[in-house]
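Let's take a walk through this structure together. Have the sequence and the 3D view open as you read.

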Amino acid sequence: MARRLRFNGTDSKNGGCPAIHTDEESGEVIVQGTPLMDREDLAQLQHLGPDDAAVVVPRELLVNHGPKEMRRVRKLITPEEFGELFRTFAHSAWHLETRRGYASDREDEGFAEFQRFGQAPMDLDSDWCTNIREQTDSGKYVGRVRLVDDPPTEGQLFLLDYARTNAATGEDVRNAWRQDALRAHVLEEDFWVFDSRLVVVLHFDDQDVLGDLEVITEPAAVLGYCQTRDAAVHIAQPSGEFAAQLRGSR
């Protein structure tokens, strides 16, 4: 069975070699680069077996994109610290939503209204909407991509309708089919990226209740989430267009 590899990064200016990948299952690191071919050079290597290969890579590739430790120590933040990030980010905040539903949505009065009338209410005066509108009015970018199953779950239909509120605050809110996201190797993980330098991973339990908020700042790890962001945006449609397509197919 083929390995499940994750691209860590490259310092190449044109996207070629050298590069580092990680085996998602075993944690093994795969380094690709220029083969070392000179016999005298190879003779100096210790423990090089008959089936082994040696490659030459710049030192900065390992420094920038190689693993820093065998097990990354999880760093958790409080909901209050998480909320502060939405007021202090410098230029961009972006969210990937992958759940089939969220407990916080189901507990909201707006969800019950959606179930009764088929439309989610708009509360543009909430603390969340007020802050996001202030951020986007100042020129900052806020966006998200929501993955949708086929057929969509009730929770996904609620969020698709609620996207009107997101858009009204200046958010770039988009949707993508889950199967398209899987083909594009988009991570099935909820997270926010702030200023392309800091990631907060949102951990949920089996009942869709938000638990730990894990912050990641390691450059190679952040790069992987940024690459997922770019891939998700590439395959996604603005929510209005996506909703119209969905209605037209029914």
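## A word on the model

Please keep in mind that this is a predicted model.

## The three-stranded sheet

Let's begin with strands S1, S2 and S3, which make up an open, antiparallel sheet in the order S1-S2-S3. The edges belong to S1 (5–9) and S3 (29–32); each has a single partner strand, so one side of each is left without a neighbour in the sheet. On average, neighbouring strands here are turned by 30 degrees against each other, direction ignored.

For a look at one pairing, turn to S1 and S2 (residues 19–23), which are joined in the antiparallel sense over four bridges. Across this pair, Arg6 stands opposite Thr22 of S2.

## The largest pocket

Now for the open space: the largest pocket holds about 1,100 Å³. Its lining is made of 38 residues, and those nearest the centre are Ser104, Asp105, Trp128, Arg144 and Tyr162. Sorted by class, the lining has 19 nonpolar, 11 charged and eight polar residues.

Which helix or strand gives the most to this lining? That is H3, with five residues. Helices and strands that each supply at least two lining residues include helices H3 (79–88), H4 (103–106), H6 (127–137) and H7 (154–168). Strands S7 (92–97), S8 (141–148), S11 (198–204) and S12 (210–216) likewise each supply at least two.

Methods. Residues numbered from 1 in each chain as written. Predicted model: local features only at pLDDT ≥ 70, side-chain atom pairs only at ≥ 80, totals over all residues. Heavy atoms only, no water. Pairing = 2+ DSSP bridges. Axes fitted to C-alpha atoms, helices over the stretch in contact; angles between N-to-C directions. 1 Å grid on protein atoms, 1.4 Å probe; cavity = no way out; pocket = protein on both sides within 12 Å on 5 of 7 lines; lining within 4 Å. Points joined across faces, edges and corners; volume = space filled by probe spheres on them. Nonpolar A, V, L, I, M, F, W, Y, C, P; charged D, E, K, R; others polar.
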